[in-house]
Amino acid sequence: MSMFTATKVARKLGSSGPDVFPMALGCMGMSGMYGLADEAESLATIHAAMDAGVNLIDTGDFYGMGHNEMLIGRAVHLEREDVFLSVKFGAQRGPDGAWLGYDARPAAVKTALAYSLKRLDTDYIDIYRPARLDSKVPIEDTIGAIADMVKAGYVRYIGLSEVGSETIRRAASVHPIVDLQIEHSLISRGPERNIFPVLRELGIATTAYGVLSRGLLSGSPAAGAGDMRAHFPRFQGENRVRNQRMVDQLRQIAEARGITPVQLAIAWALAKGDFIIPVIGARTRVQLAESLGALNVKLSAEEIAAIEAAIPPEAVAGTRYGEEQMRILDSERDVTGREDARQARPSPGVERPPQRGGMKVPQRQQAWERAHPMGKEAPMTEGPWPTHTQPGGFEIPEESDDAVLNDSLGTVDTADSTGTDESMETGDARLNNLDTRED
């Protein structure tokens, strides 16, 4: 029986995507990214989310070096057709957990997909997305490779993560994009300026991660060496002390409404637009239940304005990622005005998409030909075709060790994220206290 009985109004995952529950479940924290995790509780949390109606589950093939995908594969195996699986790819990791770089070349895209299908124990992935923009690979090439997999039936929809408005337009010129995964919260509101208007224009949804700023807004401290948040500027030293004032302010507002700060922060994200689907990284059933309670909180325009005035993003101390990652994030170009000449210009042979409306067929053809220089399908598309079909069917065709890569719900800074279990708390108390609520 569902643990959540409030009315659930579905949101659409972009104009070309499916209807989904108003929140998604992000599973990154279930594979050690925030320290020790309890696998039995993780499985129970995934099942509780599904029982509540949550049908969008987000992961990355580099979360726990494949552990997260295998965990999810076990959890949803008997109910695969009831959920949409969203998978990020591209981050390269070593056997010691080190972050080695990023690869979004067409061959790497298809190789990563092949392994994800095995780990998830499925013959298709619902939404497949590059976790970050590969500065060495034109986005048209990466999206073209995923489009191959859509054509073959291995992927249903294409998403993006942490890219700016120019890259979004270029990607959409190759294939329809259903959503952009990007950090968005009360204190990280940069996308509202230039990115969200483009998403609305193109009919693309937002799966927003970091709605609790990795636990900062819920007052959750970094747990030790195994918790990557210890390397994020907002959690360090004087920054953490200064940011606590905003946490206290949020708590006071929430108490006045008779709800928790977690519920207020999520309710705010939900109220910012029906194209926004917050990704909640609950690690326990207790955290999940609290987060789902935000669906019962309705905020008026006046209340939203008052909350934003009390907790202005410019008051936050520290950036969301370390200096190096902030410098290379494509999405930050729209926030800071910084331009990367190599990525800001369309690739040779690809006409710049129009600023408004759709695109011309020749533009799509040019982008497709660039992604397929030999005019041939990749070997992976040459069958056998997947046996699973959905309503409507698929279209079946004739850097250094200490560089921590940004994954979509909070993985990137310039420090090593490994640690030992001995340095962390254990047991249910620690799991409930580690309130990151992010993927």
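**Aromatic cluster, barrel and helix packing**

F62 and Y63 are both buried, where buried means under 20% relative accessible area, exposed over 50% and partly exposed in between, with a 1.4 Å probe and protein chains only. The model is predicted, and local features need pLDDT of at least 70, side-chain atom pairs count only at pLDDT 80 or more, and totals for chains, interfaces and linings use all residues. Residues are numbered from 1 along each chain as its sequence is written, and side-chain values use heavy atoms, with hydrogens and water left out.

A pair of aromatic rings is described by the distance of the centres and the angle of the planes. Rings of Phe, Tyr and Trp (its six-membered ring) pair if their centres lie within 6.5 Å; planes under 30 degrees apart count as stacked, over 60 as edge-to-face and the rest as tilted. By this rule there are 4 aromatic pairs. In one of them, the ring centres of F62 and Y63 lie 5.3 Å apart with the planes at 80°, so this pair is edge-to-face. F62 also forms an edge-to-face pair with W99, at 6.0 Å centre to centre and 75° between the planes. This pair links distant parts of the chain, 37 residues apart: F62 is in the loop between β4 (56-60) and α2, and W99 is in strand β7 (residues 99-102). Helices (H or I, at least four residues) and strands (E, at least two) are DSSP runs, numbered from the N terminus. The relative accessible area is 2% for F62 and 1% for W99. F62, Y63 and W99 form one aromatic cluster.

The strands β3-β4-β5-β8-β9-β10-β11-β12 make a closed barrel of 8 strands with parallel pairing; two strands pair if DSSP finds at least two bridges between them. Neighbouring strands of this sheet are turned by 30° against each other on average, direction ignored. Strand β9 (residues 155-161) pairs with strand β10 (residues 179-183) in the parallel sense over 3 bridges, and G159 stands opposite D179 in β10.

The axes of helix α2 (residues 67-76) and helix α3 (residues 106-120) come within 7 Å and cross at roughly 45°. Axes are lines fitted to C-alpha atoms, for helices over the stretch in contact, and angles run from 0 to 180 degrees between N-to-C directions. In contact (heavy atoms within 4.5 Å), E69, M70, I72 and G73 of α2 meet S116, R119 and L120 of α3.
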